[in-house]
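Here is a short tour to read alongside the coordinates. Please keep your viewer open as we go.

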Amino acid sequence: MASRVLLILCLSSLFFFLAASTKEYPSQAKIFDVRNYGAHGDGRRDNAFSFTKAWNEACQWSNGRSTVYIPPGIFYLRQVTFTGPCKNPITFIIRGTLLAPRNPYAIKQDEWILFKYVDNLTVTGGGLLDGQGSYSWPLNDCNKNTNCRTLAMNIGFAFVKSSKINGLRSINSKMGHFNLFSVEDFNITGVTITAPGDSPNTDGIKIGKSSHMNIFNVTIGTGDDCIAILDGTSNLDISDVRCGPGHGISVGSLGRYKEEKNVQGLTVRNSIINGTTDGLRIKTWAKSVSQISVSNFLYENIQMINVGNPIVIDQQYCPHGQCDSPGKYASHVQIKDVKYNKIWGTSTSKEALKMQCSKAFPCQDVELSNINLKYVGRDGLVTALCENVGGSIRGKIVPANCRI
Ligand SMILES: *[C@@H]1O[C@H](CO)[C@@H](O)[C@H](O)[C@H]1NC(C)=O
Ligand SMILES: *[C@@H]1O[C@H](CO)[C@@H](O)[C@H](O)[C@H]1NC(C)=O
Ligand SMILES: *[C@@H]1O[C@H](CO)[C@@H](O)[C@H](O)[C@H]1NC(C)=O
Ligand SMILES: *[C@@H]1O[C@H](CO)[C@@H](O)[C@H](O)[C@H]1NC(C)=O
């Protein structure tokens, strides 16, 4: 009897709890399923029109949160732009595969899929963006031709605030995969980005003019930078990245254009860089016009596995023979307050630590501690090259011959 009373009491308090919690969130998100707007997951018919219609209705929904839902299936999409501002927070769930056109010139914008002027956006669902880049990689001559035609990146976010991408896969972009431009308070988690190690310009995540971003628990293997950080970026926190193949985590190239802005407040922690050409790299043009600074960086607890050049500062960047003679120009980019702590593992080149700072603006307050890099070859010992570097070394580091 007593236990029955107790059970009833429990049930009624559970009921109260549920009632109270639904009261707290009065409106469930309204679902806008793309199938109700004529989308077909047959991998053939273009879905741009129905996706845009679903987005526009969801975005203008004024009674609470809204969700655009793309179910499992293969949804061909020529190109699409989802524009805000929206009335309320909006979630974009991709369960299926979005398939890009094979012909790169069919896409007439910088990103195949673009979100712009949106706040409080969540893109999630574990779905796949397939850029079908293998059809256009042979047409890419950007490594030889500075005026080459650029191709679309898989997905872009421009002027987007307080938003996140969580659980999304991207493969075989025509050029880069994720492009973030002028975003603020933006998080990327649980994302997997894949393209072959020899595919041209397939950067993983490219970030410019953005602030207060977190990148956490991502796996990136491509033919270019895993993460490329461009000018005007501040307060970027990167951790738990598995990077490789590719060109590592790069800042730059910086300094080439007049209107560039500083890069400050970068942390890269608890990550593995595996089989890349470079590891942690900062690159500025030797022939530079902007007097910007790169400051307040921390690289910590990073394992290198067979990385070409694990630690690089290159202020003499001048590809395609654009400097009349080597050493003629000195970068105007000031690098300062950059810490490297607990960087360890293997290098496939002898010069595992290479810092060539500007003669005109030497690096300041570079701090090296707990560095232990081994050369995997047998024809010599690991070594460091440090030019125009000011700062300090704490404790023992290997390679040890860096004079700063
Ligand atoms: C986004 O969220 C912020 C903070 O919760 C809120 O102030 C703002 O009105 C929201 N904007 C939209 C468009 O949902
Ligand atoms: C991003 O992550 C940080 C740290 O976990 C958190 O404080 C912030 O609110 C998150 N922002 C968004 C938009 O999810
Ligand atoms: C990391 O992301 C993967 C998806 O790529 C997910 O399955 C896993 O649970 C995430 N781990 C953490 C610690 O968030
Ligand atoms: C490094 O990459 C190699 C080659 O892809 C792979 O076999 C190995 O498991 C990776 N190691 C780690 C620790 O991720």
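## Disulfides

A disulfide here is a pair of cysteine sulfur atoms within 2.5 Å. This is a predicted model, in which local features need pLDDT of at least 70 and side-chain atom pairs count only at pLDDT 80 or more, while totals for chains, interfaces and linings use all residues. Residues are numbered from 1 along each chain as its sequence is written, and side-chain values use heavy atoms, with hydrogens and water left out.

The structure holds five disulfides, and three of them are described here, including the link between Cys142 and Cys148, whose sulfur atoms lie 1.9 Å apart. The torsion about that S-S bond is about 100°, so the disulfide of Cys142 and Cys148 is right-handed. Cys142 counts as buried at 15% relative accessibility, where buried means under 20% relative accessible area, exposed over 50%, and partly exposed in between (1.4 Å probe, protein chains only).

Next comes the pair of Cys59 and Cys86, with 2.2 Å between the sulfur atoms. Its S-S torsion is about -100°, so this disulfide is left-handed. Cys59 lies in helix H2 (residues 48-60) and Cys86 in the loop between strand E4 (80-83) and strand E5 (90-94), so the link ties together parts that are 27 residues apart in sequence. Helices (H or I, at least four residues) and strands (E, at least two) are DSSP runs, numbered from the N terminus. Cys59 is buried at a relative accessible area of 1%, and Cys86 counts as buried at 18%.

Cys357 and Cys363 are joined with an S to S distance of 2.0 Å. Their link is left-handed, with -95° about the S-S bond, and both cysteines are buried.

How many residues of strand E18 (residues 249-254) are buried? Five of the six are, so to speak, under cover: strand E18 is mostly covered.

Two strands pair if DSSP finds at least two bridges between them. Strand E16 (residues 227-229) pairs with E18 in the parallel sense over three bridges, and Ile227 stands opposite Ile249 in E18. E18 also pairs with strand E20 (residues 278-285), again in the parallel sense, over four bridges. There, Leu254 stands opposite Thr284 in E20.

## A residue in a loop

Phe159 lies in the loop between strand E10 (153-158) and strand E11 (161-171). At 38% relative accessibility, Phe159 counts as partly exposed.

How values were computed. Chains are lettered from A and ligands numbered from 1 in the order in which they are written.
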